[in-house]
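User: Please go through this model with me. I want to know what stands behind each term that gets used.

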Amino acid sequence: MTEKEVIEIANVALAEEFELEMEQMVPEARFNDDLGLDSLDAVDMVVVLEQAFGFKLRDNQALREIRTLDDLHKYILRKKSELEG
Amino acid sequence: MQYDVIIIGGGCSGLTAAITLAKLGRRVAVVEKDKRLAPLLRGFSRQGVHFDTGVHYVGGLGSGGVLESYFRFLGIDDVERKELRPACANIFKFLDSSREITFPHGADSFVSMLMEEFPDEADGIVSFWERVEKTAAQSPFLNLQHSLDEDALIPDLDVPSVADEARRATSNPYLQAAFSLHALLYGVSPEQARFDAHAYTLASYVHSAHSFPGGGKVLADALEKRARELDCDVFCGKGVERILVDDGCFAGVQFANGKTIHSRQCIYTGHPALLPDLLPEGAVRPQWAKRLKRLEDTAQAMVLFAIADHPVELLTDSNVFLCTAPCVEKFFEADEGVIYLAGGEPLPDGRQAITVVTAASTEGFSEWQETSYGNRPYAYHKEKERISKAIWQRVQDGCPELRDGVSLVDVATPLTMQHWVASPTGSLYGVRHCIDQISPMPMTKVKGLGLAGQSVLLPGVLGAMVSAFVTCGCLVGMKELHKELRACIREE
């Protein structure tokens with residue numbers, strides 16, 4: 001899975017779950033202000049992304065620090081490389 | 001009719017929510033499908049003997065315990081309770097070795113008991129118990145000194161299982177089973193059970209263990225009385241057919257007869273899987289609805305109700321767990337899982353209620369799934385009799401005290417539970433809180449609509465109450481509410 005594919009999978013999964021338009025899914029999009037998702041949605045987001053990727057993304061601290069879509073992509077990529085490493 | 005808040009479900013959680021909000025001056029309506037409030041908590045009678053179905057004993061109701069604070073907050077602290085035997089509130093009997101472990105309450109006594117039973121395992125015992133105490137002390141739900149904010153509602157996503165933690169502490173299977181025993185009180189296999197939720201349960205039961213001599217109905221009556229004193233309107237025998245949503249906001253409920261009542265806020269305390277079908281199409285995200293419907297439940301059980309013609313000392317003020325072998329993987333296996341035995345308060349005429357609970361699967365009864373309660377065919381009753389006979393045999397093998405003078409008077413199958421708790425699978429404690437599933441959050445995307453009950457935060461009476469309280473906090477502001485609850489802590 002390339003970096004581009006990871007981003008694509010994450011965006012599609014989130015867009016489907018939260019009924020967002022793909023045009024909204026730009027790296028600088030902020031979850032709170034731009035996508036209308038709050039901290040309680042973070043839990044649903046983890047469930048959806050774990051289903052999409054097939055690995056665990058459970059790190060409360062890291063999730064708390066995620067503000068933008070780009071932060072999320074980096075977090076997933078980091079988890080993926082930890083798993084492969 | 002216009003209310004401030006409608007509570008769907010008049011059980012332990014729904015009544016807790018109703019009282020909490022009515023105390024704040026809200027105009028509250030409670031809607032319950034059954035003809036009485038809290039039917040599960042109330043239990044039933046046979047031949048003049050009362051049987052509990054919703055609660056057998058609770059933890060944390062002793063002086064300074066968390067449940068005691070909730071009782072005071074709700075104004076039901078005069079409910080008569082009785083301490084179980086301090087030295088042996090729980091007796092764990094292993095049938096493979098005739099080994100018996102008796103669990104006392106009080107943290108020091110509990111640890112000393114384990115040390116005596118397992119003299120070579122001191123390090124493991126200390127480290128396991130330290131983790132339990134630390135986890136419980138950090139919980140904002142159990143330790144009321146912590147602040148309760150939105151962050152506290154997000155569960156720890158990376159929590160180990162009870163079995164993993166037990167194995168980390170010891171390789172002795174009896175000690176692993178002893179560490180995991182309380183999983184039987186919330187219906188999740190230790191292999192899947194969340195360690196933090198287990199620690200909360202274990203810590204509260206080690207703190208203190210009480211039963212209600214008058215049965216769970218005393219608790220149900222106290223909650224109902226308090227709700228009525230606070231002018232909550234109660235609609236019994238009325239199931240909600242539809243939840244009304246207006247422009248993304250909760251607007252009211254519609255009953256089967258078409259009548260409606262209205263409010264801006266609502267707490268739904270039914271099983272989460274049943275919620276999406278009550279909502280209008282498009283009110284919530286389809287994916288969320290799908291996930292709610294697929295949540296996995298706690299264990300299902302066969303429950304046997306018997307009457308002893310004499311008081312059984314073994315079961316008076318203590319509980320017995322019969323375990324075929326010390327194997328945590330098999331706690332909830334049908335036919336060989338652990339059997340839980342609880343005795344009621346002996347009656348003046350010497351008779352005593354005895355309740356037996358052990359895991360079963362709905363699959364065994366699936367062919368009668370579509371038949372209705374009170375109207376099941378002969379074959380169902382035959383199967384019920386076959387299974388209960390086998391369970392009763394195991395009970396008598398494990399407890400020779402119950403061989404004479406005890407007769408079975410009724411049996412509940414998972415289908416019976418399904419009827420009484422309006423749970424799609426007939427599970428004992430609703431949705432399971434486990435490592436491979438994230439439980440539903442207290443608030444939904446419909447503005448003003450929250451969820452509460454055992455399925456949301458924690459199981460049991462304590463879980464139902466804590467969950468109701470937290471969801472009320474989400475609706476009306478957590479800070480003030482929490483301050484009031486904290487004022488109810490009685491120092492030991």
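**Terms and the values behind them**

Analyst: In this predicted model, 18 residues of chain B are in contact with 17 residues of chain A, contact meaning heavy atoms within 4.5 Å. Residues are numbered from 1 along each chain as its sequence is written, and chains are lettered from A and ligands numbered from 1 in the order in which they are written. Local features need pLDDT of at least 70, side-chain atom pairs count only at pLDDT 80 or more, totals for chains, interfaces and linings use all residues, and side-chain values use heavy atoms, with hydrogens and water left out.

User: What is the area buried between chain B and chain A?

Analyst: About 1,800 Å², with 52% given by carbon and sulfur atoms. Buried area is the accessible area (1.4 Å probe) that two parts lose on being put together, summed over both. In chain B, the residues that lose the most area to chain A are B:Leu157, B:Arg285 and B:Arg291, together 34% of what that side buries.

User: Why is the pair B:Lys445 and A:Asp38 called a salt bridge?

Analyst: The rule asks for a side-chain nitrogen of Lys or Arg within 4 Å of a carboxyl oxygen of Asp or Glu. The side chains of B:Lys445 and A:Asp38 meet at 3.6 Å, N to O, so the pair qualifies. Across the interface of chain B and chain A, the rule finds seven salt bridges.

User: What makes strand β1 of chain B covered on both faces?

Analyst: Buried means under 20% relative accessible area, exposed over 50%, and partly exposed in between (1.4 Å probe, protein chains only). B:Val5 and B:Ile7 on one side of β1 (residues 5–8), and B:Ile6 and B:Ile8 on the other, are all buried. Strands (E, at least two residues) and helices (H or I, at least four) are DSSP runs, numbered from the N terminus. In a regular strand the side chains alternate between the two faces of the sheet.

User: How do you know that β1(B) pairs with β2 of chain B?

Analyst: Pairing requires that DSSP finds at least two bridges between two strands. Four bridges join β1(B) to β2(B) (residues 28–32), so they count as paired, and they run parallel. B:Ile6 has B:Ala29 as its bridge partner in β2(B).

User: Is B:Asp317 buried or exposed?

Analyst: Its relative accessibility is 18%, so B:Asp317 counts as buried. B:Asp317 lies in the loop between β15 (300–308) and β16 (319–323) of chain B, and its phi is near 65°, a positive value in a residue other than glycine.

User: And what makes B:Asp247 exposed?

Analyst: B:Asp247 has a relative accessible area of 73%, so it is exposed. Its phi is positive too, about 55°, although B:Asp247 is not a glycine.
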